[in-house]
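Please keep the sequence and the 3D view at hand while reading.

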Amino acid sequence: MLDKGYLVKIGESGNSNSSLEATLMQHHGSAGEKQLVQEVLLVNTPSSLAPHPGDDYLNYDHNMPLGLVCVASYLAERGYSISIVDSYAENLGVFATVDRIFSRASLPRVIGFNSSSPNIHIVHKIAACIKRLRADIIIVCGGPHASLATEHTLSTGDIDYAIVGEGEIPFFNLVRSLFEGQNNSPNEVPGVFSRQSGEISGRRNSVLIDLAAMPLPRLDLLPLERYFAINKRIYIHTSRGCAFRCIYCSVPECWGRSVRQIPVNVIRSQVNELLTQYKPDELQIVDDNFSHENGKFIRAFCGMSIEENWSVKWKCQVRADLLDNAIIEMMSKAGCFEVDLGVESGNPKIQKYIRKNLDLARTLDTISSINKLGISTKAFFMLGFPEETWAQLTDTINYSVELKNSGLKDVAFFPVMPFPGTEISKVTGKTVFQGAVIDDVNVEESEPTFAGYRLRKYSAKPEMSLNANFSPETLRLLVKFAYQHFSDGIFVKELKLEFEDFVKRQKVAEFVN
């Protein structure tokens, strides 16, 4: 394999096609002679085009690819040879990912990628490299972007198939068709889309996986030493979907417009097995809304934890106004150490516009109650909704400070982005296919400050703005401004004037540096 340090230098130099061919084609010129075997390789897409020189991105975003693991587990249970290259955890970048694939003694017949709108350009680049070296490898793309922007996913011609919707069954049927010629031809498998004669062809799959029969996630397919070196935490999910219809969110389009709950007995069995097998210090429950049905499953999960005497700590994401003190106390007794809450805006009119309709007063009380029991809280906010005014932005920043005064420990601010499948994309007629992504590995936000750490972690570099009053650059700086005020615990009085002064100071600092 090529030295990753060498690939970092090339990645920083511009990533031209000629550089790519000079590096990869020369080193893997014999790729066409390697045997193509009936194996599936899944790739957890890297976070940037080039590897991060500090090899520290996992410190910022400890994000285990549970969806990819579920697909791999489903195929492995049915006898298929499957492996994962975790380019995200291993900090590989585009070139090193391709190098890792083609350094194998034999090559997989099928390579699958997970995709989101922020990383689809990286998937496209890796796919192009693979096809240049070995055109007969079948490339499949799944995940939110493949489901919600299928035409864009298939637009380069290097991705053969897109999996639309829940991935396990369509991907299994596609692989079975490719390897064994079973049932339908690949182009007729429900949930599998492709480009035929220049047109997108395919039909959605109506058969969803039986969540009661889901196999145990094969976390051993991941480089767990990389994840556990940061934090010995494993990821689980107890449901799929969300019953709310927030206009900025694509979850209902991805998972359907209802919540499907994994049965309690399955969760109990799987958690017991995961705790025995991996002995984690923490669990992260990655449900989009762990508090659906007014916390019904939170109660069930806490009851299980207490009954089974699980000593592991856990965290989750909830809607604050669905919790009451009894649930919060139960969570504390059952080992919950952190709760993440989507707030989005501190202004009631914006809450109504985005159809979240969060009870802000109750949210304030809930966060206060959670923190009094020693559970850490993190809130997420968005800046730059269409028609949002300076006054409404002030409400949001000041609400975050108010929450801090009530015990909120951490915060994340995001510029509003109209990702595919969201109602806000349909309403505004704008869609972003790559937003809030850091590909420059030497970004200024890598500075070790409260704002700098979070700007790098959440990659707040908007590609567009939906608000005529704020340019993308203004939104980027507003996010940084909001972080600063939250960190200092200072309320905003005259946002426009204070922000103008902030921008001037930023320009002076950039000039000096």
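In this predicted model, helix 4 is largely enclosed by the rest of the structure, because 9 of its 12 residues are buried. The buried residues of helix 4 are Leu-66, Leu-68, Val-69, Cys-70, Val-71, Ala-72, Ser-73, Tyr-74 and Leu-75, and they pack against strand 1 (36-44), strand 2 (82-86), strand 3 (107-114), helix 9 (168-180), strand 8 (233-236) and strand 9 (239-240). Helix 4 covers residues 66-77, and the distance of 16 Å between its end C-alpha atoms agrees with the 16 Å that its 12 residues should span at 1.5 Å a residue. After helix 4 comes Gly-79, which has a positive phi near 95°.

The setting for these details is a protein with 21 helices and 15 strands. Of its 513 residues, 58% count as buried. Among the contacts with a separation of 6 or more, 75% are accounted for by residues 24 or more positions apart.

**Helix 17**

Helix 17, made up of the 16 residues 390-405, reaches 23 Å from its first C-alpha to its last, which is close to the 22 Å expected at 1.5 Å a residue. Its buried residues are Gln-392, Leu-393, Thr-394, Thr-396, Ile-397, Asn-398, Tyr-399, Ser-400, Val-401 and Leu-403. A glycine with positive phi follows here as well, namely Gly-407, with a value near 115°.

**Helix 13 and its two partners**

Helix 13 (residues 292-308) meets helix 12 (residues 264-278), and the axes of the two come within 11 Å and cross at roughly 45°. Helix 12 and helix 13 are therefore oblique to each other, and their crossing is right-handed. On the side of helix 12 the contact is made by Val-264, Ile-267, Arg-268 and Asn-272, while helix 13 contributes Phe-297, Ala-300, Phe-301, Met-304, Glu-307 and Glu-308. These contact residues divide into 6 nonpolar, 1 polar and 3 charged.

The axes of helix 13 and helix 14 (residues 325-333) come within 9 Å and cross at roughly 30°. That angle makes helix 13 roughly parallel to helix 14, and the crossing of this pair is left-handed. Here helix 13 uses Asn-294, Gly-295, Ile-298, Arg-299, Cys-302 and Gly-303, which meet Ile-327, Met-330 and Met-331 of helix 14. The residues of this contact divide into 5 nonpolar, 3 polar and 1 charged.

As background to both lists, an α-helix has 3.6 residues a turn, so residues three or four places apart point the same way.

**Individual residues**

| Residue | Relative accessibility | Class |
|---|---|---|
| Asp-410 | 16% | buried |
| Gln-506 | 16% | buried |
| Glu-344 | 7% | buried |
| Arg-355 | 39% | partly exposed |

Asp-410 has its place in strand 15 (residues 410-415). Leaving aside neighbours within four places in sequence, Asp-410 is in contact with Thr-377, Lys-378, Ala-379, Phe-450, Arg-454 and Phe-486.

Gln-506 lies in helix 21 (residues 495-512). When residues up to four places away in sequence are not counted, Gln-506 touches Leu-477 and Lys-480. Its relative accessible area of 16% counts as buried because the cut-off for that class is under 20%.

Glu-344 and Arg-355 are listed for their backbone angles. Glu-344, although it is not a glycine, has a positive phi of about 75°; it is found in strand 13 (residues 336-344). Arg-355, also a residue other than glycine, has a positive phi near 65° and lies in the loop between helix 15 (348-353) and helix 16 (360-372). Where Glu-344 is buried at 7% relative accessibility, Arg-355 is partly exposed at 39%.

Note on methods. Residues are numbered from 1 along each chain as its sequence is written. This is a predicted model: local features need pLDDT of at least 70, side-chain atom pairs count only at pLDDT 80 or more; totals for chains, interfaces and linings use all residues. Side-chain values use heavy atoms; hydrogens and water are left out. Axes are lines fitted to C-alpha atoms, for helices over the stretch in contact, and angles run from 0 to 180 degrees between N-to-C directions. Helices (H or I, at least four residues) and strands (E, at least two) are DSSP runs, numbered from the N terminus. Angles under 35 degrees count as roughly parallel, over 145 as roughly antiparallel, 65 to 115 as roughly perpendicular and the rest as oblique. A crossing is left-handed if the near helix is turned anticlockwise from the far one by less than a right angle, and right-handed if clockwise. Contact means heavy atoms within 4.5 Å. Ala, Val, Leu, Ile, Met, Phe, Trp, Tyr, Cys and Pro count as nonpolar, Asp, Glu, Lys and Arg as charged, and the others, Gly among them, as polar. Buried means under 20% relative accessible area, exposed over 50%, partly exposed in between (1.4 Å probe, protein chains only). The expected span of a helix is 1.5 Å times one less than its number of residues.
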